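Please look over the sequence and the structure first.

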Amino acid sequence: MTTYIITRHPATVQYLQEVLNVSACVITHADDSFFSGLTPEDEVIGILPAPLMAQVCSRTKKPFGHFEISLPPDLRGKELSLEDLKKLQPRIVRYVVALAT
């Protein structure tokens with residue numbers, strides 16, 4: 001089993017590794033080869049749009065661990081530090097996402 005963190009934000013990786021004690025391979029950009037290589041043993045945590053979450057859930061047969069944060073308007077669009085994240089107390093929320101047909 002491999003756990004993956006998908007995000008382009010360094011502080012998010014730090015938070016997951018240091019605060020939530022997640023040990024994982026870090027992926028900054030998920031492409032088709034990443035998704036096609038996922039197996040049911042893998043776990044994926046991070047920040048992805050819903051269509052890509054659905055690909056993860058389809059491949060792994062597990063919920064996607066979404067890094068969820070309530071971001072005030074004045075912080076939107078800014079790169080946050082580890083200290084910023086600690087103050088905002090993000091969490092991992094598991095979602096099962098599927099394409100409706």
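The sections below go from the basis of the model to the whole chain and then to single residues.

## Basis of the model

The model is predicted: local features need pLDDT of at least 70, and side-chain atom pairs count only at pLDDT 80 or more, while totals for chains, interfaces and linings use all residues. Residues are numbered from 1 along each chain as its sequence is written, and side-chain values use heavy atoms, with hydrogens and water left out.

## The chain as a whole

The protein chain holds 4 helices and 5 strands. Helices (H or I, at least four residues) and strands (E, at least two) are DSSP runs, numbered from the N terminus. Read from the N terminus, the order of the elements is β-α-β-α-β-α-β-α-β.

The radius of gyration, taken over C-alpha atoms, is compared with a globule rule of 2.2 Å times the number of residues to the power 0.38. For 101 residues, a compact globule would have a value near 13 Å, and the 14 Å of the protein chain agrees with this. Along the principal axes, the C-alpha atoms fill a box of roughly 35 × 30 × 20 Å. Contact means heavy atoms within 4.5 Å. Of the contacts in the protein chain with a separation of 6 or more, 50% are between residues 24 or more positions apart.

## Surface and charge

Buried means under 20% relative accessible area, exposed over 50%, and partly exposed in between (1.4 Å probe, protein chains only). By this rule, 37% of the 101 residues of the protein chain count as buried.

Just after helix 1, N21 has a positive phi of about 60°, although N21 is not a glycine. N21 lies in the loop between helix 1 and strand 2 and counts as exposed, at 67% relative accessibility. Q89, also not a glycine, has a positive phi of about 50°. Q89 sits in the loop between helix 4 and strand 5 and is exposed at 61% relative accessibility.

E41 is in the loop between helix 2 (32-36) and strand 3 (43-46). Its relative accessible area is 45%, so E41 is partly exposed. Not counting residues up to four places away in sequence, E41 touches M1, T2 and K62. E41 and K62 are 21 residues apart in sequence, and their C-alpha atoms are 8.9 Å apart in space.

The side chains of E41 and T39 are joined by a polar contact of 3.0 Å. A polar contact is a pair of N or O atoms within 3.5 Å; within protein, one must be able to donate a hydrogen and the other to accept it, and residues adjacent in sequence count only if both atoms are side-chain atoms. T60, in helix 3 (residues 50-60), is buried because its relative accessible area is 2%. Leaving aside neighbours within four places in sequence, T60 is in contact with L38, T39, P40 and D42.
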